Amino acid sequence: MNNFTFHNPVRVLFGRGQISKLATEVPAGARVLLTAGGGSIKANGVLAQVRAALAGHDVREFWGIEPNPRYETLMKAVELARADKVDFLLAVGGGSVLDGTKFIAAAVPFPGQDPWDIVSKSATIEAALPIGAVLTLPATGSEMNCYAVITRGEHKLDFGHPLVYPRFSVLDPETTLTLPARQIGNGIVDAFTHTMEQYLTYPAGAPLQDRLAESVLRTLIEVGPLTYADPTDYDARANLMWAATMALNGVISVGVPQDWATHAVGHVLTALHGIDHARTLGVVLPAMLSVRRAGKREKLLQYAERVWDLRPGASDASGTSSASGGDAGSGGGALSDDARIDLALARTCAFFESVGVPTRLSAYGIAAEGIPAILDNLGARGPLALGERKDVTRAVVQDVLQAAL
Ligand code: NZQ
Ligand code: ZN
């Protein structure tokens, strides 16, 4: 196991009715800026609960943080916060509102000319406004991490800094009952892929982290379809919400290598083609694992065994066909190791599709001619060296995109 320092300072208030705790969680006397998206929190009553809890506070509101939050929009909030001498930010919404608010928090006191440098040049962050969050969409983990993804023009880039961890996050599963099925499917696939980016690399002598990651994956496989099918099932939604938080709050990644190549490619697909974040991952992850199967072989076999119950010697009783067109042992005999990997990837695709998330680029009308533009955007900031071994070059990404057509 690699050395690590772990510190996650986010206080999580989980469950029904927890929004009322804002009354004491938001400091008395603070000049608060509530940040929000396009209006879902008005329609589902979350805003009314927040306003009621903050009745005694000094609150102004900034609306219009869009999915895949844009720099130009966020800079309007920065101007408002500076002009009004805001000293506390309260993000109410999904990952985009939370991410956008992290950027606002770092940009308000940023001394440089252009806060975009925080994202594009990893400019030093020496101060940030404190943030609180009310999460309404389980997916990104933004509620309990210090990362944010911001878009400017055709560039979707991420930054992270300990100063932008939320001070607290309210996670009330009831706020998610109004999510369209599409956003639930997206959340399941985003959380699943976050876990895979930290788990499916190579063995690092960290069995606890492996088993924690496998627990998150198996929980998503168990509760994902339940909550996708039935939005009134509070327990299923509560478990999805906590699983999504655990997928990217730092617990499963301590001391182990991490990949994140799927996310890097996915961000370009969103920037160039407007595809929802999670839907880019649904397309890229299976192809990424298939193309890089040699370097990931041991963990792929562990994944097959422990997540999909495809143990050595297992036979293909499911009739599921091979992900890569190879011989998955459909004759019913013992599966080879390669066949177990193929079958695990086929089941991953079937799982994504079962919650409405396609696994092929063709679902978005992207064909082979579209690949060079994706590679150029991805490589715009220097030669590519992605993945846990930094060996995912432009040529590898090309193969991945080709495999995902
Ligand atoms: O804008 P409103 O009206 O609020 O509607 C939103 C939005 O249209 C709606 N919504 C949210 N909660 C709802 C609801 N509709 C009904 N009922 C509710 N309770 O859902 C739509 C999508 O919201 P968005 O916040 O964009 O989705 P998500 O949470 O999936 O966030 C995606 C963003 O997070 C970034 C992505 O790149 C993308 O920009 N990520 C952030 C990460 C992080 N901070 O660590 C990691 C992730 O890998 C990801 O990259
Ligand atoms: Zn993600």
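A: In this predicted model, Asp376 counts as partly exposed, because its relative accessibility is 46%. The side chain of Asp376 meets that of Arg394 in a salt bridge, with 3.0 Å from N to O. Since Asp376 belongs to helix H14 and Arg394 to helix H15, the pair ties together parts that lie 18 residues apart in sequence. Arg394 is likewise partly exposed, at a relative accessible area of 38%.

Another salt bridge joins Asp337 and Arg340, whose closest N and O atoms are 3.0 Å apart. These two residues are three residues apart in helix H13, so about one helical turn separates them. Asp337, with 33% relative accessibility, counts as partly exposed, whereas Arg340, at 3%, counts as buried.

A further pair is formed by Lys296 and Glu388, whose side chains meet in a salt bridge at 2.9 Å, N to O. This pair links distant parts of the chain, 92 residues apart: Lys296 is in the loop between helix H11 (277-291) and H12, and Glu388 is in the loop between helix H14 (371-378) and helix H15 (394-403). Both Lys296 and Glu388 are buried.

As a general point, side chains of opposite charge can pair when their charged atoms come close. The structure holds 21 salt bridges, including the one between Asp376 and Arg394.

Conventions
Residues are numbered from 1 along each chain as its sequence is written. Chains are lettered from A and ligands numbered from 1 in the order in which they are written. This is a predicted model: local features need pLDDT of at least 70, side-chain atom pairs count only at pLDDT 80 or more; totals for chains, interfaces and linings use all residues. Side-chain values use heavy atoms; hydrogens and water are left out. A salt bridge is a side-chain nitrogen of Lys or Arg within 4 Å of a carboxyl oxygen of Asp or Glu. Helices (H or I, at least four residues) and strands (E, at least two) are DSSP runs, numbered from the N terminus. Buried means under 20% relative accessible area, exposed over 50%, partly exposed in between (1.4 Å probe, protein chains only).
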